[in-house]
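Here are my notes on this model, point by point. Please read them with the structure open.

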Amino acid sequence: MSRYVYDFQDGSRDLSALLGGKGANLAEMTRLGLPVPPGFTVTTDACRAFLATGEEPEGMSAEVSRHLSALEAATGRLLGQPDDPLLVSVRSGARFSMPGMMETVLDIGLNDASVLGLAKVSGSERFAWDSYRRLVQMYGSTVMGVDPARFDVVMNRLKEARAARDDLRLDAGDLAGLVEAYKRLILDETGRYFPQSPAQQLQRAVLAVFRSWNAERARLYRRRERIPDDLGTAVTVQRMVFGNLGPDSGSGVAFTRDPATGRPGLYGDYLSNAQGEDVVSGVRDAVPLAELERLDPRAYRRLRDHARTLERHYRDLCDIEFTIERGTLWMLQTRVGKRTAGAAFAIAAELVEEGLITADEGLARVGGDGLARLMFPRFDTTAAGTPLTRGVPASPGAAVGAAVFDSAEAVRRAASGERVVLVREETTPDDLPGMVAAQAVLTGRGGKTSHAAVVARGMGKVCVCGARDITVDAGARRFTTRAGTVVDEGTVVSVDGSSGDVYAGAVPLAASATMRYLETGEQRGSEVASVARALEHADAVRRLEVRANADTPEDAARARRFGARGIGLCRTEHMFLGERRRLVEDMILAPSGAARERALAALLPLQRRDFAGILEAMDTLPVTIRLLDPPLHEFLPDRTDLAVRVAAAQAAGDPAAPRDTALLAAVNRMHEANPMLGLRGVRLGLVVPGLVAMQVRAVAEAVVERVRAGGSPHAEIMVPLVGAVEELRLAREEVRRVLAEVSEETGVPVECPVGTMIELPRAALTAGRIAAEAEFFSFGTNDLTQTTWGFSRDDVEAAFFPAYLDKGVFAASPFETLDREGVGRLVRIAVEEGRAARPGLQTGVCGEHGGDPASIRFFHAVGVDYVSCSPFRVPVARLEAGRAALDGVDTGDTR
Ligand code: PEP
Ligand code: MG
């Protein structure tokens with residue numbers, strides 16, 4: 001029989017798939033002997049079964065009752081007992097943290113009778129009614145489906161009537177009235193009464209939390225964080241402890257280190273006389289934890305000791321939720337905490353230094369996405385002027401955008417390509433779509449641990465919160481600073497998530513320290529030093545080599561500074577654009593072989609110069625030069641423009657310029673309905689006489705030039721879009737012929753390996769045969785993705801990928817992260833069959849996936865030799881290649 005409920009004493013952190021992160025960590029803290037209120041966890045298995053059938057799985061409610069009885073026995077009180085009620089919290093807790101995305105109901109067990117008992121035993125009527133109104137509100141919205149804003153309206157009306165700045169000013173009578181008003185609201189909205197039966201409250205709350213797994217915002221969050229949809233959430237049921245029992249009580253959130261910078265030391269927010277969610281929702285302004293040290297030194301010291309215990313035990317930064325009930329500290333939650341990219345590097349380096357984790361573990365805890373974030377520019381503050389306002393620097397980075405005042409507007413404007421900054425008084429989980437769409441988030445209330453801050457940090461989104469001197473008027477779509485400056489919707493602002501400053505207008509950006517280090521090797525500051533440590537270790541452990549995709553000497557030189565060991569793809573088509581286009585037109589229009597040769601001869605010295613520059617920048621390292629690939633018509637003028645020009649000339653009685661007429665005829669002749677699958681790649685080389693020869697001669701002569709200049713050039717020639725070995729054989733014969741010719745003419749032996757791209761399914765499936773003619777393979781995973789899926793590269797991403805991502809057809813665009821099942825399988829087949837036919841065959845990847853973390857892990861696992869990516873991604877690829885080499889990271893499974 002399945003088991004659906006675990007007491008905290010029976011679980012452990014290893015059971016997070018079953019108990020969720022919260023349940024597993026509560027169990028772990030219980031085992032560590034930390035002060036955790038007793039309770040139990042209903043498993044994710046139960047949730048999945050419930051979501052699949054709409055019914056509680058058999059046996060679950062009996063198990064819940066049994067564990068509840070044990071809890072009642074342990075606490076000596078019954079749930080909702082009228083004279084002295086046991087109250088419980090019901091909280092969601094998925095395997096992966098989804099802060100604020102699902103539901104929680106506190107104070108279960110209160111009703112019209114037990115609220116009086118609670119008032120008596122606690123000695124505080126106000127406290128009892130405050131707890132009851134919280135239950136009715138949370139239950140009403142979460143379980144009974146009343147819009148939470150309706151409760152706020154009632155509350156705000158009361159506050160206004162009492163001229164109360166916050167809820168602390170309301171007395172027991174006010175709160176009792178509020179309970180009645182809330183109950184009436186529920187009845188009006190739903191036609192049903194708020195249930196008085198504690199058992200019913202508990203049972204329905206558990207199911208409502210299960211259901212909240214599928215709430216819109218939770219789904220969106222999962223899609224964004226790539227959390228699978230089928231995990232389900234666990235539910236913890238725990239004895240309530242109360243932070244709202246008076247000034248010697250309170251609730252707080254703590255981090256064992258500063259999650260923004262990684263600096264050691266207890267860090268967080270505390271709110272006295274408050275319960276649970278008050279701290280993170282920002283309804284009142286929390287104070288820094290240092291203040292708790294003053295208010296209650298004994299509880300503070302305990303908290304600090306427990307934080308230390310947790311950090312040593314988890315060997316990582318932990319975040320903690322705690323409550324102080326009349327001077328007694330209770331631990332309500334812990335988990336390995338989210339942190340900024342900079343803090344991740346700093347903490348990893350420090351824990352390695354402290355000997356708490358190994359260098360391998362340190363590397364596993366940082367990532368390429370974080371590194372990329374540190375490479376982003378930051379504001380040039382010398383040019384920034386005076387800030388409009390300053391808030392809490394909650395998630396670092398610099399962003400510029402037009403201020404918008406609600407989530408929907410952010411989404412709307414972002415969809416049309418505008419950069420926006422979402423400005424809110426405080427964010428709620430429903431603001432998530434707007435946060436995703438915005439460049440930055442700015443709030444008037446809340447601290448570093450507010451919902452806005454936690455979510456933004458997780459997304460790597462710039463965030464400044466708690467900018468207290470602005471007044472946000474979402475209705476009028478503007479905010480006003482204390483100095484009286486009005487910022488209307490659409491006004492551009494600049495948000496600095498590292499300093500907390502917000503500026504009017506677009507502030508210029510300055511390069512990051514990490515970028516400077518990568519460019520110059522200069523290690524200034526601890527963040528940069530920790531990035532350097534991680535990259536050094538990655539370089540030491542990785543097997544995958546990293547090259548760059550670069551077409552100019554400047555890009556090649558930058559890539560080399562960033563650590564690229566060669567060029568994996570030099571696209572030659574970029575060299576034919578600009579002023580040289582005319583020469584290409586001449587080549588195409590050539591009426592005779594002799595004219596074409598003249599055109600090619602004019603291109604030759606230009607190409608030679610390109611190659612010599614790149615070979616020089618990458619001296620001693622391999623440079624893979626790809627023969628011309630794109631459809632030829634891309635080099636010709638736009639067909640419509642040309643036709644209009646010719647027609648206009650004719651209408652005016654002018655005979656059109658002969659060149660235009662000839663060009664139009666050529667353009668019409670070469671027009672293709674789907675040029676991506678037309679006369680491209682090797683096909684072009686085989687049908688346009690002299691083209692391959694010219695390009696190869698330019699490479700060979702550049703090699704000779706470099707050798708004569710004392711260099712050590714290593715050019716490799718790569719044939720694109722090969723589908724059949726015959727194509728490669730023909731191309732290779734031509735290449736070899738020209739190489740021999742140039743060697744002969746110059747007396748300098750030019751030996752360039754000749755290889756092919758594998759970017760068509762047919763090439764992958766016949767890799768064994770192709771390897772007979774190929775000295776290396778380079779996977780063009782852009783085209784391989786296009787042709788495996790039948791997705792036109794230029795069309796599909798904008799046309800319907802958003803819908804596909806929405807519907808869960810795939811979790812990430814296959815043009816960003818390699819589709820293992822399909823494209824990955826072809827890669828694996830080609831590597832294996834290519835190597836079987838030609839032992840030691842060198843294989844690389846030069847599609848965009850070469851710079852994508854998840855894809856890199858796969859390429860490592862299937863035994864590819866190198867990845868090649870844009871110069872700016874090179875450090876990311878180095879880091880990820882190192883992480884891929886750590887034990888057990890990825891098996892390259894394609895199922
Ligand atoms: C590829 O197809 O993956 C590739 C690198 O070539 P291109 O993007 O130039 O088609
Ligand atoms: Mg390609």
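1. Start with a definition of exposure. A residue is buried under 20% relative accessible area, exposed over 50%, and partly exposed in between. Keep in mind that this is a predicted model.

2. Which class does Arg-477 fall into? Its relative accessibility is 27%, so Arg-477 counts as partly exposed. The residue is found in the loop between β18 (470–473) and β19 (478–481). Its backbone deserves a look: phi is positive, about 55°, although Arg-477 is not a glycine. Most residues other than glycine have a negative phi.

3. Leu-721 also needs checking. Its phi is positive, about 55°, and it is not a glycine. The loop in question runs between β27 (714–719) and α28 (725–746). Is Leu-721 buried or exposed? Leu-721 has 2% relative accessibility and therefore counts as buried.

4. Now the metal. Which residues are the protein donors of the magnesium ion (ligand 2)? They are Glu-759, through OE, and Asp-783, through OD.

5. Glu-759 has 1% relative accessibility, so it counts as buried. Asp-783 has 3% and is therefore buried too.

6. Next, helix α27 (residues 691–708). Its 18 residues reach 26 Å from the first C-alpha to the last. That is close to the 26 Å expected at 1.5 Å a residue. How many residues of α27 are buried? The count is 15 of the 18, so the helix is largely enclosed by the rest of the structure. Gly-710 follows α27, and its phi is positive, near 90°.

7. Look also at the pair formed by helix α5 (residues 125–142) and helix α8 (residues 198–212). Their axes come within 10 Å and cross at roughly 50°. Angles from 65 to 115 degrees would count as roughly perpendicular, and those under 35 as roughly parallel. α5 and α8 are therefore oblique to each other. Their crossing is left-handed.

8. Last, the overall layout. The protein is divided into domain 1 (45–238), domain 2 (250–339), domain 3 (376–510) and domain 4 (542–630 + 692–884). How far apart do the C-alpha centres of domain 2 and domain 4 lie? They lie 53 Å apart.

Technical notes:
Residues are numbered from 1 along each chain as its sequence is written. Chains are lettered from A and ligands numbered from 1 in the order in which they are written. This is a predicted model: local features need pLDDT of at least 70, side-chain atom pairs count only at pLDDT 80 or more; totals for chains, interfaces and linings use all residues. Side-chain values use heavy atoms; hydrogens and water are left out. Donors are N, O and S atoms within 2.8 Å of the metal (3.2 Å for Na, K and Ca); water is not among the atoms, so sites may look incomplete. Buried means under 20% relative accessible area, exposed over 50%, partly exposed in between (1.4 Å probe, protein chains only). Domain bounds come from an automatic or database domain assignment. Helices (H or I, at least four residues) and strands (E, at least two) are DSSP runs, numbered from the N terminus. The expected span of a helix is 1.5 Å times one less than its number of residues. Axes are lines fitted to C-alpha atoms, for helices over the stretch in contact, and angles run from 0 to 180 degrees between N-to-C directions. Angles under 35 degrees count as roughly parallel, over 145 as roughly antiparallel, 65 to 115 as roughly perpendicular and the rest as oblique. A crossing is left-handed if the near helix is turned anticlockwise from the far one by less than a right angle, and right-handed if clockwise.
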